[in-house]
Amino acid sequence: GIFGTEKDKVNCPFYFKIGACRHGDRCSRLHNKPAFSQTLVFINLYQNPSQQMMVGQTPVLDQQFLYEHFEFFYEDVYNELAKFGKVEELMVCDNIADHLVGNTYAKFDDEDAAAECLEAMAGRFYNGRPIVVEYSPVTDFRESRCRQYEQRECTRGGYCNFMHLKEVSLGLRKKLFGYARSGRYNTDSPTR
């Protein structure tokens, strides 16, 4: 069918694939928010220090610090989410466009775990900021990833409309998920 594709003139293909759209509420197509899903999106949850610029401050660019900061965030979030059920995937966007920046996607093994997590997160805070979480239509991240980014060929940079996903080290992935998936940044240190 044409549902969720560019040929679908009613439903937004970006929202269907990515769970976010650069046009937001101004989009000319419908954003069909699911009533239930295995996947939750935590909107702008990850605050990348290299992207956090306050007036009079320079962004943090120390690679070791950035590596440790992300690994701590990832493990911290995973451990909290795992209290509600098996987390199959945990994806963090490294994009800088407003509709994707810091979005953290958690796919549970069943909808009940996701529902329990969604309910428990209401009114909670992370790192001093309110947690904004909702069901996401994304269940297959292969369609939402920027393939050019993974091949180091994306010319749109952080403003790309497909997910530029941060990767955790092989060691942490194995510790949390019990396996190590090969990927672009899956080394045990921030240097290649």
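Helices here are DSSP runs of H or I with at least four residues, strands are runs of E with at least two, and both are numbered from the N terminus. With that settled, I shall present the chain, which is a predicted model: local features need pLDDT of at least 70, side-chain atom pairs count only at pLDDT 80 or more, and totals for chains, interfaces and linings use all residues. Residues are numbered from 1 along each chain as its sequence is written, and side-chain values use heavy atoms, with hydrogens and water left out.

Let me begin with the overall architecture. The chain contains five helices and seven strands, arranged along the sequence as α-β-α-β-β-α-β-β-β-α-β-α. Of its 192 residues, 41% are buried, where buried means under 20% relative accessible area, exposed over 50%, and partly exposed in between, with a 1.4 Å probe and protein chains only.

I turn now to helix α2, residues 63–81. This helix has 19 residues and spans 27 Å from its first C-alpha to its last, close to the 27 Å expected at 1.5 Å a residue; the expected span is 1.5 Å times one less than the number of residues. Which residues of α2 are buried? They are L66, F70, E71, F73, Y74, V77, Y78 and L81. Seen down the axis of α2, these residues fall within an arc of 160°, so they line one face of the helix; the arc is taken from the directions from the helix axis to the C-beta atoms.

The next element is helix α5, residues 170–177. Its axis and that of α2 come within 11 Å and cross at roughly 5°. That makes α2 roughly parallel to α5, a term used for angles under 35 degrees. In terms of contact, meaning heavy atoms within 4.5 Å, E71, Y74, E75, Y78 and N79 of α2 meet L172, R173, K175, L176 and F177 of α5.

Where do the buried residues of α5 pack? They pack against α2 and β2 (87–93). The buried residues in question are L172, R173, L176 and F177. They cover an arc of only 105° around the axis, which puts them on the same side of α5. On the other side of α5, K174 and K175 are exposed. After α5 comes G178, whose phi is positive, near 85°.

Finally, I would point to L165, which lies in strand β7 (residues 165–166). L165 is buried, with a relative accessible area of 5%. Setting aside neighbours within four places in sequence, L165 is in contact with M91, V92, C93, R145 and Y149.

Methods: Axes fitted to C-alpha atoms, helices over the stretch in contact; angles between N-to-C directions. Parallel < 35°, antiparallel > 145°, perpendicular 65-115°, else oblique.
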